[in-house]
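Here are my notes for your first read-through. Take the points in order, and keep the structure open beside you.

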Amino acid sequence: MKPPAPLPRSWSKKGRAAAFCNLPLLLLIGAIQFLVIYSPAIDRYMVMVTKGKPGFPSLLLDGRRGFKLVEEESIPEPRVRCDFADPRSDVCELEGAIRIRGSTSEVFVVAPAGADGLLEANVTGLAPGMNATSWTIQPYTRKGEARVMRSIATLTVRVVSPGDAPPCTVRHDVPAVVYSNGGYCGNYYHDFNDNIIPLFVTARHLGGEVQLLVAQKQAWWFHKYREIVDGLTNYEAVDLGGGDGDGEEVRCFRRATLGLRSHKDLSIDPRRAPRNLSMVDFKRFLMWRYALPREHAIRTDEEEAAGAGRRRPRLLVVTRRSRRRFVNLPEIMALAEEVGFDVTASDLMSASSATASAKNKAAGGVGGEGHSRMADASKLMNSFDAMVAVHGSGLTNLVFLPMNAVVVQVVPLGRMEGLAMDEYGVPPRDMNMRYLQYNITAEESTLSEVYPRAHPVLLDPMPIHEQSWSLVKDVYLGKQDVRLDVRRFRPVLLKAIQLLR
């Protein structure tokens, strides 16, 4: 059988050419089909890339802080969890597409189109009567004090559609914490109680990856406490009111917390804190930030065992320049030396801080050593094993004492025992320290030199408390000094020595 005759040479070339030409045609047909099916999605994507659109960044215009593309393909369903029932502060935690405009003090929570029916279910914790699409919050930790809250900035939170939200000008890939730096800012106690410790509770677990947006920002405050602030955030705090030219920016986040969490006076409840943070954690945080060398106070029993070379425990007597001063300071210091302390007197923070040597204390001589900077004051405080102070902001320095140290609070006349315990009695125990409270008598108050012995100010302060706090503050905190009865105070110092064993 003969093999089939080969095709003509000219026909073979044309066939191959025709087959080759069909390949582009097939590809073109496939591309047309793809565009017909997917062109709407491609069109939306190109608009997003070149121009940006509500809820999404323009990758061409704002790549410096743009979110990852996968996060920008859709507006997430927002989630808002508020707590307006806490007696100390109001807090809202926001998730989704969050936009914050400082110039109008507005926070926008952008909801995807068609999500109106889900909004009410996704916004929880508002106070009765609040609107789930628009409400206000004052991000400060003294919500129960109407007088000071009148001066605190108010934020308005709005849940809006993409078309009603202002366009982003700056985007962040870290969460925001928004709070006020106003109120009692500048009072040493309130700096820690109302700002620093609540900020620690709210932001510490984020490991520095958080942007602070601060209403009523006080630049000097951030300079004074820069070691603490720099330990909580890796970014410069933004003045939400525009004091640094930032007011017109619209900052965009995926998560934001409005307000600071506050548990109790100068302390933390670990059961309510992220990762069960406690005041021991806060103390160690301060030790890290200020490079404090002593974690634990002296153990007097170990020093006694050391024999002739043993050290004496160091006691700081905190002095005051205003009212509630120790008017017989030399007697108090001599008594402390007698019972076994090495004693120093200082107000810690001022340039005229009083620091005395052992030789001139008994004679009443008080030398000067300035401790105007926080770093210096914290290191000085950390060098002591015990402190004695009249109720007041100077006791706030106990946060820098080493653990196992002893805090002695002298409570002035005026039924101040409960307040003193809440503000400065509980915190030492929460920081693994020891606490002693000494309540003075009428004879130990200089008010006994102003009022007759039978006067209600001396005998029954409760009517004054019932009348007004401002009157209590004026009389018992603003007009009183302390003259300790050293014989009556002696057992307290002996007990402090014992607690250091």
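1. Start with Cys82 and Cys92. They form a disulfide, with their sulfur atoms 2.0 Å apart. The model is predicted, and this distance was computed from its atoms. A disulfide is a covalent bond between the sulfur atoms of two cysteines. Cys82 sits in strand S1 (residues 79-83) and Cys92 in strand S2, 10 residues apart. Now turn to the torsion about the S-S bond of Cys82 and Cys92. It is about 110 degrees, so this disulfide is right-handed. Cys82 is buried, and Cys92 is buried too.

2. Next, find Cys168 and Cys252. A disulfide joins them, S to S 2.0 Å. Cys168 lies in the loop between strand S6 (155-160) and strand S7 (170-171), while Cys252 belongs to strand S11 (residues 250-258). The pair therefore ties together parts that are 84 residues apart in sequence. The link of Cys168 and Cys252 is left-handed, with -105 degrees about the S-S bond. Both Cys168 and Cys252 are buried.

3. How many disulfides does the count come to? It comes to two. Count the bonded cysteines along the chain, and the pattern reads 1-2, 3-4.

4. Now the nonpolar core. In soluble globular proteins, nonpolar side chains tend to be buried together. Here the largest nonpolar core has 102 residues. Which residues have the most contacts inside it? They are Phe192, Phe282, Phe326, Phe341, Phe400, Val410 and Phe489. H5 gives the most to this core, with nine residues. Two domains take part: domain 1 (79-274) and domain 2 (290-350 + 368-500) each supply at least three residues of this core.

5. Move on to empty space. Rolling a probe the size of a water molecule over the atoms shows where such space is left. The largest pocket has a volume of about 720 Å³. Its lining counts 21 residues. Nearest the centre of this pocket lie His190, Glu423, Trp469, Lys473 and Leu477. Please locate these five residues in the viewer.

6. Where does the lining of the largest pocket come from? Helix H5 (188-203), helix H13 (417-430) and helix H16 (469-477) each supply at least two residues. By domain, the lining of the largest pocket draws at least three residues from domain 1 (79-274) and at least three from domain 2 (290-350 + 368-500).

7. What is the make-up of the lining of the largest pocket? Its residues divide into nine charged, six polar and six nonpolar.

8. Check the backbone at Ser105. Its phi is positive, about 55 degrees, although Ser105 is not a glycine. Ser105 lies in the loop between strand S2 (91-101) and strand S3 (106-110).

9. Phi of Ala291 is near 50 degrees, a positive value in a residue other than glycine. Ala291 lies in the loop between helix H8 (279-289) and helix H9 (300-305). Its relative accessible area is 54%, so Ala291 is exposed.

Conventions:
Residues numbered from 1 in each chain as written. Predicted model: local features only at pLDDT ≥ 70, side-chain atom pairs only at ≥ 80, totals over all residues. Heavy atoms only, no water. 1 Å grid on protein atoms, 1.4 Å probe; cavity = no way out; pocket = protein on both sides within 12 Å on 5 of 7 lines; lining within 4 Å. Points joined across faces, edges and corners; volume = space filled by probe spheres on them. Helix = DSSP H or I, 4+ residues; strand = E, 2+ residues; numbered from the N terminus. Nonpolar A, V, L, I, M, F, W, Y, C, P; charged D, E, K, R; others polar. Domains from an automatic or database assignment. Buried < 20%, exposed > 50% of the residue type's maximum accessible area, 1.4 Å probe, protein only. Disulfide = S-S within 2.5 Å. Core = buried A, V, L, I, M, F, W, Y, C linked by side-chain atoms within 4.5 Å.
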